[in-house]
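Morning, everyone. Please put the model up on the screen, and I will walk you through it.

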Amino acid sequence: MVFQGLADRLQQTFSKLKRKGKLTEADVKEAMREVRLALLEADVNFKIVKQFIDKVKERAVGQEVLNSLTPGQQVIKLVNEELTELMGGTQSKLAISSSPPTIIMMVGLQGAGKTTTSGKLANHLKKQNRRPLLVACDIYRPAAIKQLQVLGEQLDIPVFNMGDKNSPVNIAKAAVEHAKHHGNDYVIIDTAGRLHIDEKLMDELVAVRDNVSPDEILLVVDAMTGQDAVNVAESFNEQLSLSGVVLTKLDGDTRGGAALSVKSVTGCPIKFAGMGEKLDALEPFHPDRMASRILGMGDVLSLIEKAQTNIDEEKAKELEKKMRNADFTFDDFLDQMEQVRNMGPLDQVLGMMPGANKIKGLKNMQVDEKQLTHVEAIIKSMTKEEKQKPEIINASRRKRIAAGSGTQVQEVNRLLKQFSDMKKMMKQFTGSQKGKGKKKFKL
Ligand code: GDP
């Protein structure tokens, strides 16, 4: 799960804080010491950590917080606000040119995920009824042009290429002309990468930039490289004046340092996050939602958006309503399981659910197909009434369900427990999602 380590540590710190009715300055200081360590361990730039802690401390020891009825929650609220601020405050959207095509230049080191991200971005735009054109400007890596063509075929998106005998500047200029004549409203230029930043690479990128005046210059960096990613971003920004960053591989075992530092260090907003190798695994980056995920408050909005692109609209609306009211039954659970499976790896989907990482057994869950089949079998062995009112499932019913589904009673118990925990969490969360802006925090 994204930021798992950091999320765990912060949540531990805050649950301690919340258990105390009244807070003293010393309590806040101790909590901030723990937050500081958690951030440093997550590989956040140390200067940023210091600024962050100073800011939160300053606000948190104010009388308003200490004297409030729920001081613990007030501190969490502050951390949430400052984390959001750290990652850029509000979502930074992709540019759109008033005289199409909008030109997006993708830059980055080799292996960061630039070509894949170009494809993902084109796919993202296509889903919004745009007509992107992908442009193969990496004339050095032998397989790069082919890779982009294959992506284009998979996505049914046109790819412009002139082989490897023309200069990237000429290819980029010709591609923009091509787009104008073929009604493409976005041009996504996949430029060459190198293993390290070098002068020749930068000169070439500057030349392409100066010749096509892109509306966006997006740097693709690998989040797993932590502070190195931030350093790379700083160098590229100095030479090219980036308009944004795409962080890839946030689905991996990332500690979060890059995501939390890049904006503050470079001033460049994170515009998208790559969450997997699949071509639909690209998410617009929302600082507030990411902060919520880190603090275990879930990200119901992203979950709903994911549902809306992968599930038909009627079903998505139903899902939204049920999640908000926390009144879904095992029947809905089964029904949604199929749909949810289409939304991506289950641990990622669960990571967006409020409080999901606090539920024992769901944490670090590696969901395999066999497990899902068991869950399905257990639910199917319930009577209609049991599915609607799981609280009536007593010991003898549990035995019957286990026998009927060919599973163990322990598995039935676990599922029932998870289901009731999940509903509890959702109920709590309903309170905090209503009334935008004035959020109530319940962890
Ligand atoms: P480029 O050299 O920068 O063009 O990198 P590629 O696009 O060829 O990607 C390098 C590798 O990273 C490929 O194996 C991609 O599948 C993988 N990759 C790219 N983005 C992501 C991501 O968001 N998550 C994961 N897990 N892998 C990714």
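Start at Lys380. To count as buried, a residue needs 20 or more, and to count as exposed, 12 or fewer. Lys380 belongs to helix α17, which covers residues 369-380. Now find Asp331. Along the chain, Asp331 and Lys380 are 49 residues apart, yet 8.8 Å separates their C-alpha atoms.

One caution before we go on. This is a predicted model.

Now the whole chain. It has 443 residues, and 43% of them are buried. The secondary structure comes to 20 helices and eight strands. Take the contacts with a separation of 6 or more. Residues 24 or more positions apart account for 74% of those.

Next, the domains. Domain 1 runs over 4-86, domain 2 over 102-294, and domain 3 over 300-433. Look at domain 1 and domain 2. Their C-alpha centres are 35 Å apart. How many residues of domain 1 are in contact with domain 2? The count is 13, and they meet 16 residues of domain 2. On the domain 1 side, two elements give two or more residues each: α1 (4-19) and α5 (71-86). That side of domain 1 has eight nonpolar residues, four polar and one charged.

Let's follow the chain out of α5. Pro101 sits in the loop between α5 and β1 (102-107). Pro100 and Pro101 are joined by a cis peptide bond, with omega at about 5°. Pro101 also turns up on the contact list of Val187. Set aside neighbours within four places in sequence. Then Val187 is in contact with Pro101, Ile103, Ile104, Leu133, Val135, Ala175, Val176 and Ala179.

That takes us to the cores. The largest nonpolar core has 93 residues. Which residues have the most contacts inside it? They are Val135, Val187 and Val245. Helix α2, residues 25-41, gives the most to this core, with six residues. Domain 1 (4-86) and domain 2 (102-294) each supply at least three residues to this core. A second core is separate and has eight residues. Among them are Ile379, Ile401, Val412 and Leu415.

Why does Phe272 count as buried? Because Phe272 has 23 C-beta neighbours inside 10 Å, and the cut-off for buried is 20 or more. Leave out neighbours within four places in sequence again. Phe272 is then in contact with Val246, Leu282, Glu283, Pro284 and Phe285. Compare that with Ile76. Phe272 and Ile76 are 196 residues apart along the chain, and their C-alpha atoms are separated by 26 Å.

An unreviewed UniProt entry places the feature "domain: SRP54-type proteins GTP-binding" at residues 269-282. In the model, the end C-alpha atoms of that span lie 16 Å apart. The span is 0% helix and 43% strand.

Last stop: two residues with positive phi. Asn129 is in the loop between α6 and β2 (132-136). Its phi is positive, about 65°, although Asn129 is not a glycine. Lys249 is in the loop between β6 (244-248) and α11 (257-266). Lys249 is not a glycine either, and its phi is near 60°.

So, buried or exposed? Asn129 is exposed, because it has 7 other C-beta atoms within 10 Å. Lys249 counts as buried, because it has 21 C-beta neighbours inside 10 Å.

That's my tour. Thanks, and over to you.

Note on methods. Residues numbered from 1 in each chain as written. Predicted model: local features only at pLDDT ≥ 70, side-chain atom pairs only at ≥ 80, totals over all residues. Domains from an automatic or database assignment. Contact = placed C-beta atoms within 7 Å. Helix = DSSP H or I, 4+ residues; strand = E, 2+ residues; numbered from the N terminus. Nonpolar A, V, L, I, M, F, W, Y, C, P; charged D, E, K, R; others polar. UniProt positions renumbered as here; feature names shortened; annotations may be inferred. Core = buried A, V, L, I, M, F, W, Y, C linked by C-beta atoms within 7 Å.
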